[in-house]
Amino acid sequence: MILFFTGFPGFLGSELLPRVVSRTDDVALCLVQPKFRALAEQRARQIEAAHPALAKRIRLVEGDLTQALDHVDAAEVREIYHLAAVYDLATPRELGMRVNVTGTTRVLDLAERAPRLERMHYVSTCYVSGRHPGLFTEDDLERGQVFNNYYEETEQLAEVEVRKRMSRIPMTVYRPSVVVGDSVTGATQKFDGPYFVMQWLLRQPKLAVLPVVGRPSRYHFNVVPRDFVIAAMTYLSGLKTNAGATYALADPNPLTVDETIDTIAEATGRTVLRIPLTKGIAKGALQYVPGVYRLLRIPPAAVDYFNHPTAYDTGN
């Protein structure tokens with residue numbers, strides 16, 4: 001039998017794959033873009049070296065989620081793990097629609113023609129909430145929310161497509177919040193989100209200045225480490241009774257923005273002098289004032305997440 005993966009050799013997929021394949025006798029079949037073929041082969045060899053029982057059980061098939069997956073034989077597919085998406089906050093809408101929405105429908109089409117499919121596991125994001133004010137539950141999806149960017153919008157539209165087919169496809173949905181590096185090793189694939197703030201502080205003397213938007217004692221910044229997300233998905237994907245469930249893989253008691261800044265300040269050995277700004281001024285300066293972005297290296301789109309009005313229910 002086959003476990004079909006998208007998103008390999010990405011940040012989460014590379015860690016999740018050996019854990020879920022190791023508990024079966026199945027083969028992992030990974031959809032890989034041609035430009036990532038060499039990296040995927042290298043990552044597969046590394047995983048097989050670390051997990052000898054997986055030798056010759058990781059196979060690659062080239063393809064593109066924006067195209068039909070007719071070349072993938074669905075006959076032996078038992079589970080699908082769909083992790084691939086465009087995660088860039090500044091992604092253009094057209095690209096987000098092609099990869100996040102159309103790409104998800106291609107995988108759903110594959111699932112519908114897999115006669116032996118037991119489960120499809122779909123990785124979404126907490127931020128399908130957009131800027132919904134107040135609590136956003138794991139059952140919520142369409143609340144008339146306004147979105148910070150096209151990444152959020154297209155991920156929400158993709159999850160809408162998933163929900164439409166839940167009556168025909170056994171599915172489980174996972175919504176991580178902001179995913180950062182491994183809590184034990186620190187390993188990460190890219191330095192974004194809170195790392196932008198860390199890097200800005202590290203470029204300054206021991207007394208460092210930091211522009212702060214809105215009311216940092218009121219808003220929360222929800223962060224989860226990669227190993228938490230992987231452990232949760234490994235466990236939850238092994239359950240037999242949770243088809244149709246959605247899990248917010250988020251911190252149930254997140255730090256406020258103020259507490260987050262204090263934590264980063266302590267980790268970087270800096271005393272932080274906060275400079276209050278409105279969100280509009282902060283984003284406008286980063287976007288339009290010459291030299292500001294080059295100095296801070298904090299993308300304008302990242303500012304919204306330090307002034308985020310949504311709380312996430314993690315009851316499931």
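**Entry 1**

I began with Leu16, which I found in helix α1, where helices (H or I, at least four residues) and strands (E, at least two) are DSSP runs numbered from the N terminus. I noted that this is a predicted model, in which local features need pLDDT of at least 70 and side-chain atom pairs count only at pLDDT 80 or more, while totals for chains, interfaces and linings use all residues. Residues are numbered from 1 along each chain as its sequence is written, and side-chain values use heavy atoms, with hydrogens and water left out.

Is Leu16 buried or exposed? I read a relative accessible area of 0%, so Leu16 is buried; buried means under 20% relative accessible area, exposed over 50%, and partly exposed in between, with a 1.4 Å probe and protein chains only. Setting aside neighbours within four places in sequence, I listed Tyr81, Leu83, Ile230, Met233 and Thr234 as the contacts of Leu16, where contact means heavy atoms within 4.5 Å. I also checked Leu16 against Val257: they are 241 residues apart in sequence and 30 Å apart in space, C-alpha to C-alpha.

Apart from neighbours within four places in sequence, Thr234 is in contact with Leu16, Arg19, Val20 and Arg23.

I then looked up the two helices themselves, and found that the axes of α1 and α6 (residues 226-237) come within 10 Å and cross at roughly 30°. The axes are lines fitted to C-alpha atoms, for helices over the stretch in contact, and the angles run from 0 to 180 degrees between N-to-C directions. That makes α1 roughly parallel to α6, because angles under 35 degrees count as roughly parallel, over 145 as roughly antiparallel, 65 to 115 as roughly perpendicular and the rest as oblique. On the α1 side I wrote down Glu15, Leu16, Arg19 and Val20, which meet Arg226, Ile230, Met233, Thr234 and Ser237 in α6. By class, the residues of this contact divide into four nonpolar, two polar and three charged; Ala, Val, Leu, Ile, Met, Phe, Trp, Tyr, Cys and Pro count as nonpolar, Asp, Glu, Lys and Arg as charged, and the others, Gly among them, as polar.

**Entry 1: the sheet**

In which order do the seven strands of the open sheet lie? I read the order as β3-β2-β1-β4-β5-β7-β11, with parallel pairing; two strands pair if DSSP finds at least two bridges between them. The edge strands are β3 (58-62) and β11 (246-249), each of which pairs on one side only. Neighbouring strands of this sheet are turned by 20° against each other on average, with direction ignored.

As one example of pairing, I followed β4 (residues 77-82) and β5 (residues 119-123), which run parallel and are joined by four bridges; Glu79 has Arg119 in β5 as its bridge partner. Helix α1 (residues 13-21) packs on the sheet, touching β1 (2-6), β2 (27-32), β3 and β4, and its direction makes about 170° with that of β1.

**Entry 2: α3 and α4**

The contact of α3 with α4 has eight nonpolar, five polar and four charged residues.

**Entry 3: helix α5**

In α5 (residues 194-202), I found Pro194, Tyr195, Phe196, Val197, Trp200 and Leu201 buried. Their cover includes β8 (178-180), β9 (207-213), α7 (257-268), β12 (271-277) and α9 (292-296).

**Entry 4: backbone details in loops**

I found a cis peptide bond joining Phe8 and Pro9, with omega about 15°, and Pro9 sits in the loop between β1 and α1. Lys56 is not a glycine, yet has a positive phi of about 65°; Lys56 lies in the loop between α2 (37-50) and β3 and is exposed, with a relative accessible area of 75%. Arg297, also not a glycine, has a positive phi of about 60°; I located Arg297 in the loop between α9 and β13 (310-312), where Arg297 counts as partly exposed at 45% relative accessibility.
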